[in-house]
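I opened the model to look up a few local features. My notes follow, one topic per entry.

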Amino acid sequence: MLEVYPKKTKRKRGKQMLLNDPQTPKEIGANSRTVPGIITQRGCSYAGCKGVVIGPIYDILHITHGPIGCGWYSWLSRRNMTKIRAEGETNYLQYSMSTDMQEEQIVFGGEKKLKEAIREAYEEFKPKAISVYATCPVGLIGDDIHSVCRDMKKELGINIFGFSCEGYKGVSQSAGHHIANNGVFKNMIGLDDTPVEAKYKINILGEYNIGGDAWEIDRILRLCGIHIIGTLSGGVSYDEICNCHMADLNVVMCHRSINYMAEMMETKFGIPWFKVNFIGLEGTKKSLRKIAQYFGEKELIDRVEEVIAAEMAEVRPVVQDVRKRTEGKTAALFVGGSRAHHYQDLFQDMGMKVISAGYEFAHRDDYEGRDVLPHIKVDADTRNIEELEVEQDTERFNLRNTVERKKSLEDSGFDFSDYEGMMRQMAKDTLVIDDISHHEMEKLIELYHPDIIGSGIKDKYVIEKMGVPCKQLHSYDYGGPYAGFKGAINFFKEVDRMTSTKVWKLVRAPWHEDASGEASADAELANASV
């Protein structure tokens, strides 16, 4: 994979590839700048902030401030699904709103046009809140979107706030996640102290409801008697986020995009958090049991076991049928968030072996575990991002007596605020690749011949032109849900169909044609003309 690169690039990329040892994970070169021109899968800070964390909140009106080039992405193309909560509400996810900056605003500034856009949007839609997102030119010319938002908040009387998520900040969309977490915490969390009437109250952080995943998780938890106040940020409303500090527990799905929020909510409100995974049968069962163990009541623990038994009765025959065809097949996974880790569980459920995996925008702790956090050197790109100073809320910190509960569980061996990372759960000598390039993907296919690859839209069709099926795991290729038990059934059937068909052996990309093939085709065309 590395032989084609110049010496400097080869040395840098070599640090981002390793053969895994789950007992003693090696240091990997994650969260470093992508080599220019290498054709990465990564997105920008704006994509991480607007597209991932804030964008799925359906009743905030989202305005992208910048030229129209970024406007299409502001339409939110990730298939985040939502349901209207009350009559008369509007789902703003179906709209694409941009200030459409022109050359005049680039020269003289775009703050006036942003004010006009906010005023016009409010008059048209009367939203509860408006969020504004800065793109690269806005940061370069120095528009102060935050002062504009403060002025318009006073004028219109609704919550209006901005995100300085210019695409060039940080090394990837991960910077945008951090910026978004800070903005949500400052401008939404804790605004509504209305009590929530439920015995077991939790938030699910880092679940963006692509293809309906969050709805399937909610269905299972409701069967168990567990109430979700807010899912940050998929299928969630502005009011739910303002009220989610009333939860007793935060559980984290996507560690990279939302761990900042979990830590800040624990510091300010005393809400403990731990990592869960509702992707895969074993992950779902383990997560449900851990939540029940946290609350510690026999009624809930018994109910969780009843739900697991009932759901597995439906799943088991599907798994047994599918494994007849998928047992022993191989897969590779290169996806953002925690998905390159989580989806390994689903492939293992099918008897498939993951031979290689990596993240697009991970930090070292996502690979090696959070115990390496004290040893990670803070670089200039990371210093670009604001670190909030969060203090304990003296009035609302210990509403739920979580401090005592957390300590007693920790004394019994229960893990909080922890993530052991992807590499500790991967098999020995599997290939780990951070921020994989197109060239590396092609060499991986050539050398490893995986039966299927889980990846993103940027390389999906290149992979399939090489005769390998690609399960697009950023927006699910119009499929899903894949979370929970019913989601697992959907995934098993789709992967079985994709890996069992013989059509991939017939695929021949244009660049595979040799000279004789081209000559033959020219001759046939000439004969047809005659």
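**Entry 1: a helix pair**

I started with helix 17 (residues 438-448) and helix 18 (residues 457-465), whose axes come within 11 Å and cross at roughly 35°. I describe two packed helices by the angle between their axes and the distance between the axes. Axes here are lines fitted to C-alpha atoms, for helices over the stretch in contact, and angles run from 0 to 180 degrees between N-to-C directions. Helices (H or I, at least four residues) and strands (E, at least two) are DSSP runs, numbered from the N terminus.

This is a predicted model, so local features need pLDDT of at least 70, side-chain atom pairs count only at pLDDT 80 or more, and totals for chains, interfaces and linings use all residues. Residues are numbered from 1 along each chain as its sequence is written, and side-chain values use heavy atoms, with hydrogens and water left out.

Which hand does the crossing of helix 17 and helix 18 have? I then listed the contact residues (heavy atoms within 4.5 Å). H438, M441, E442 and I445 of helix 17 meet K458, D459, V462 and I463 of helix 18. The residues of this contact divide into four nonpolar, one polar and three charged. The classes are: Ala, Val, Leu, Ile, Met, Phe, Trp, Tyr, Cys and Pro nonpolar; Asp, Glu, Lys and Arg charged; the others, Gly among them, polar.

I traced an open sheet of three strands, in the order 2-3-4, with parallel pairing (two strands pair if DSSP finds at least two bridges between them). Strand 2 (60-65) and strand 4 (159-163) are at the edges with a single partner strand each, so one side of each has no neighbour in the sheet. The twist averages 20° from one strand to the next.

Strand 3 (residues 129-134) pairs with strand 4 over five bridges, in the parallel sense. I found A129 opposite N159 in strand 4. Helix 6 (residues 145-156) lies across strand 2, strand 3 and strand 4, and runs at about 175° to strand 4.

**Entry 2: T135**

I moved on to T135, in the loop between strand 3 and helix 5 (136-141). Is T135 buried or exposed? Its relative accessibility is 1%, so T135 counts as buried (under 20% relative accessible area; exposed is over 50%, partly exposed in between; 1.4 Å probe, protein chains only). The T135 side chain reaches the backbone oxygen of H65 at 2.9 Å. Leaving out residues up to four places away in sequence, T135 touches Y46, T64, H65, G66, P67, C70 and E166.

I found another open sheet, with four strands in the order 6-5-7-8 and parallel pairing. Strand 6 (227-233) and strand 8 (273-275) stand at its edges. The twist averages 25° from one strand to the next. Strand 5 (residues 201-207) and strand 7 (residues 249-252) run parallel, joined by four bridges. I noted V251 in strand 7 as the bridge partner of I204.

**Entry 3: E314**

At 39% relative accessibility, E314 counts as partly exposed. Beyond residues up to four places away in sequence, E314 touches K486 and I489. A polar contact of 3.0 Å joins the side chains of E314 and K486 (a pair of N or O atoms within 3.5 Å; within protein, one must be able to donate a hydrogen and the other to accept it, and residues adjacent in sequence count only if both atoms are side-chain atoms).
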